[in-house]
Amino acid sequence: MKLSQFKFRLPEELIAQYPIDHRDEVRLMVVNRKTGEIEHKIFKDILGYFNEGDVMVFNDTKVFPALLYGNKEKTGARIEVFLLRELNADNKLWDVLVEPARKIRIGNKLYFGDDESMVAEVIDNTTSRGRTLRFLYDGPHDEFKAALYALGHTPLPEYIKREANEDDAEAYQCIFAAKEGAVVAPAAGLHFSRELLKRLEIKGVEQAFITVHSGLGNFREIDVEDLTKHRMDSEQMVASQTLVDTVNNAKDNEKKVCAVGTSVLRGIATAVSMGGHMKTYDGWTNKFIFPPYDFTVTDALVSNFHMPYSTMLMMVSAFGGYDLVKKAYETAVKEGYKFGAYGDAMLII
């Protein structure tokens, strides 16, 4: 497959800029791989496509407030700092992106907060935009993290053309989020309300959790036409024994396993073992999935509508079939479906 095969026309007004009031009332497009049929539903109708003993696998990663606004020493220039991951807790070292990068050099100090009480020193250049910061904070680590996160903002994707507000802190987080570490929300999971999860539970649909700490690599532009030459950024993931037992039991009993989101699809594919089963996994994955790809564990996929050229669109196309997903996306544009994390959803069965 070539990068150019994932181009499509997406009108700007179809990219959702705000969440809707009730997360389980977005539109749902249901795509049937066997028949090629496309149905138009409301998200809570997803209940009708699963039965007792089927398993839904969710990503329980939690988005942390990774976006900081600070000022550079002496000049006072406004600097945007995007926290990527903590490198060393004892020394309070963080891997970050900075904008504008040209203004930030090793040795510079950055000040955060209205009272500029949080100070960081640039100690390394990692990439053109990447830096390593050492936060100069006296106090226990828990206290430091709380103070740092209190200054942070929700890291909305770049296609949302506004700054995050108070509502986003809740809206851009799955209600089952538990394990901190993501800077990108697993968007397919955003549509599940407590009521819907309860109704699935009452119906006997099992809920299982994988942890994949989604990073900015999801949005990094692919700069090669030949997709076999693209390298994904690594993301930390954990597939627990509980998850593996639940999924393998469902497979043994010929029940459906549904991946809620492309991060889950990738996580399951990373932890796959023989005979359509899963094995435990605790480490990093840089698995890049594009058509054609043989999925042996996952039988259904919930996903949002993704941007042109994105790795997420490629994964969805690998699962649903390139031609059928292309047709579904053309239908979505024609029917005015909303795209992006705050947009509408697709169920591929």
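Reply: Start with the second largest pocket. Its lining counts 19 residues, and Ile20, Asp21, His22, Arg23 and Ala171 lie nearest its centre. A pocket here is an open set of points on a 1 Å grid over the protein atoms alone, with protein on both sides within 12 Å along at least five of seven lines; lining residues have an atom within 4 Å of a point. The volume of this pocket is about 440 Å³. That volume is the space filled by probe spheres set on the points, with grid points joined across faces, edges and corners.

A word on the source. This is a predicted model, in which local features need pLDDT of at least 70, side-chain atom pairs count only at pLDDT 80 or more, and totals for chains, interfaces and linings use all residues. Residues are numbered from 1 along each chain as its sequence is written, and side-chain values use heavy atoms, with hydrogens and water left out.

Which helices line the second largest pocket? At least two residues each come from α2 (166-171) and α3 (194-203). The largest share, three residues, is from α2. Helices (H or I, at least four residues) and strands (E, at least two) are DSSP runs, numbered from the N terminus. By class, the pocket lining holds eight nonpolar, four polar and seven charged residues. Ala, Val, Leu, Ile, Met, Phe, Trp, Tyr, Cys and Pro count as nonpolar; Asp, Glu, Lys and Arg are charged; the others, Gly among them, are polar.

Asp168 forms a salt bridge with Arg162, with 2.9 Å between the closest N and O atoms. A salt bridge is a side-chain nitrogen of Lys or Arg within 4 Å of a carboxyl oxygen of Asp or Glu. Arg162 and Asp168 are both buried. Buried means under 20% relative accessible area, exposed over 50%, and partly exposed in between (1.4 Å probe, protein chains only).

The whole structure has 13 salt bridges. One of them joins Lys44 to Glu25, at 3.2 Å from N to O. Lys44 sits in the loop between β2 (38-42) and β3 (55-59), and Glu25 in the segment before β1 (27-31), so the pair ties together parts 19 residues apart in sequence. Lys44 is partly exposed at 28% relative accessible area. Glu25 is partly exposed too, at 37%. Another salt bridge pairs Asp226 with Lys229, at 3.1 Å from N to O. Here Asp226 is partly exposed, at 23%, while Lys229 is exposed, at 56%. A network of salt bridges links Glu86, Lys145 and Glu180.

Now compare the pocket with a closed space. There is one cavity of 30 Å³ or more. A cavity is a set of points where a 1.4 Å probe fits but cannot get out.

Last, the barrel. Six strands close in the order β5-β6-β7-β10-β9-β8, with antiparallel pairing. Two strands pair if DSSP finds at least two bridges between them. Strand β5 (residues 67-72) and strand β8 (residues 109-112) run antiparallel, joined by three bridges. Asn71 has Tyr111 in β8 as its bridge partner.
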